[in-house]
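Please keep the sequence and the coordinates at hand while reading.

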Amino acid sequence: KFYQQNLTMTKSGQLALEYLKKRGLDDEVIKTFRIGLAPQQFDSLYQVLKDSNYLELDMLDLGLINKREDGYTDLFIKRIVFPITDENANVIGFSARIYDNNDPNQPKYINTKETFLYHKGNVLYNLANAKGEILKNKRVVLHEGQMDVIASYSAGLKEVICTMGTALTDSQAAIIKKYTNNVVICYDADKAGIKASLKAINIFKKVSSIVFSP
């Protein structure tokens, strides 16, 4: 909620909103995916949580802040923030993207580290939103990245998910099987995408009865 309010209710959020809308995301999509903005100040979230009597140790354990010699800083600073949820729509982590920085030394995305809540090998982005559509359409479309998922959703394809910056795992394939046996792999058509598709197919072969459509 803090990140969402910063995106929609501040002056700094207007630039980020303009960026998102140039990428084809309208207000409905931004609301559905609960997209927000981490402020430019280095400790904004830390101060809000501290004022609400949350412990620094808990903030560290959840991967929200970093500890320095002179105090604490937010993990996400001046980035568009995408909440990562479990199957029941509970927020368990975040992925944060640069939008106003051409520094080649800055990673495009920073993700929540592994925590007791968030294990990226067990998480499928957008599954909570998509599972009803997956069951209705009796298939799932597996993308490589979050923006691919959001773009497909914006175009009307709702049964879309992706892994969190890593190759598909056995655990993720087993989660998919709970909802459908029909998987459409929609990775990039370059060499890396083809290689990743073949790896995913081999993992799905370990899970009986899954039909794959590369």
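**Contacts and overall form**

Among contacts in the chain between residues at least 6 apart in sequence, 63% join residues at least 24 apart. The model is a predicted one. The chain contains 9 helices and 10 strands. Its radius of gyration is 18 Å, close to the 17 Å that the globule rule gives for 214 residues, so the chain is as compact as a globular protein of that length.

**Dimensions, surface and charge**

- Taken along the principal axes, the box filled by the C-alpha atoms of the chain is roughly 55 × 35 × 35 Å.
- Of the 214 residues of the chain, 43% count as buried.
- The chain exposes about 11700 Å², and 51% of this area is supplied by carbon and sulfur atoms.
- Charged side chains comprise 28 positive and 24 negative ones, and the centres of these two sets lie 6 Å apart.

- Asn-6 belongs to helix 1, which spans residues 2-8.
- The relative accessible area of Asn-6 is 10%; Asn-6 is therefore buried, as the cut-off for this class is under 20%.
- Leaving aside residues up to four places away in sequence, Asn-6 touches Ser-12 and Gly-13, together with Leu-37, Ala-38 and Pro-39.
- Val-29 lies in helix 3, which spans residues 27-32.
- Val-29 is buried, because its relative accessible area is 2%, and the class requires a value under 20%.
- With residues up to four places away in sequence again excluded, Val-29 touches Ile-150, Tyr-153 and Ser-154.

**Two asparagines with positive phi**

- Asn-53 is not a glycine, but it has a positive phi of about 70 degrees.
- The position of Asn-53 is in the loop between helix 4 (44-51) and helix 5 (56-61).
- Asn-53 counts as exposed because its relative accessibility is 68%, and the cut-off for exposed residues is over 50%.
- Asn-126, likewise not a glycine, has a positive phi of about 80 degrees.
- The loop that holds Asn-126 runs between strand 6 (109-111) and helix 6 (127-137).
- The relative accessibility of Asn-126 is 5%, and this residue counts as buried.

**Cysteines and disulfides**

- How many disulfides does a search of the whole structure find? The search finds 0.
- A disulfide is a covalent bond between the sulfur atoms of two cysteines.
- The closest cysteine sulfur to that of Cys-162 is in Cys-186, at 11 Å, which is too far for a bond, because a disulfide requires the two sulfur atoms to be within 2.5 Å.
- Is Cys-162 buried or exposed? Cys-162 is buried, with a relative accessible area of 0%.
- Cys-186 has a relative accessible area of 35% and is partly exposed, because this class takes in values between the 20% and 50% cut-offs.

Terms used:
Residues are numbered from 1 along each chain as its sequence is written. Side-chain values use heavy atoms; hydrogens and water are left out. Helices (H or I, at least four residues) and strands (E, at least two) are DSSP runs, numbered from the N terminus. Buried means under 20% relative accessible area, exposed over 50%, partly exposed in between (1.4 Å probe, protein chains only). Contact means heavy atoms within 4.5 Å. The radius of gyration is taken over C-alpha atoms; the globule rule is 2.2 Å times the number of residues to the power 0.38. Accessible areas come from the Shrake-Rupley method with a 1.4 Å probe; for residues, only the protein chains shown count as cover. Lys and Arg count as positive and Asp and Glu as negative; His and the chain ends are not counted. The place of a charge is taken as NZ of Lys, CZ of Arg, CG of Asp or CD of Glu.
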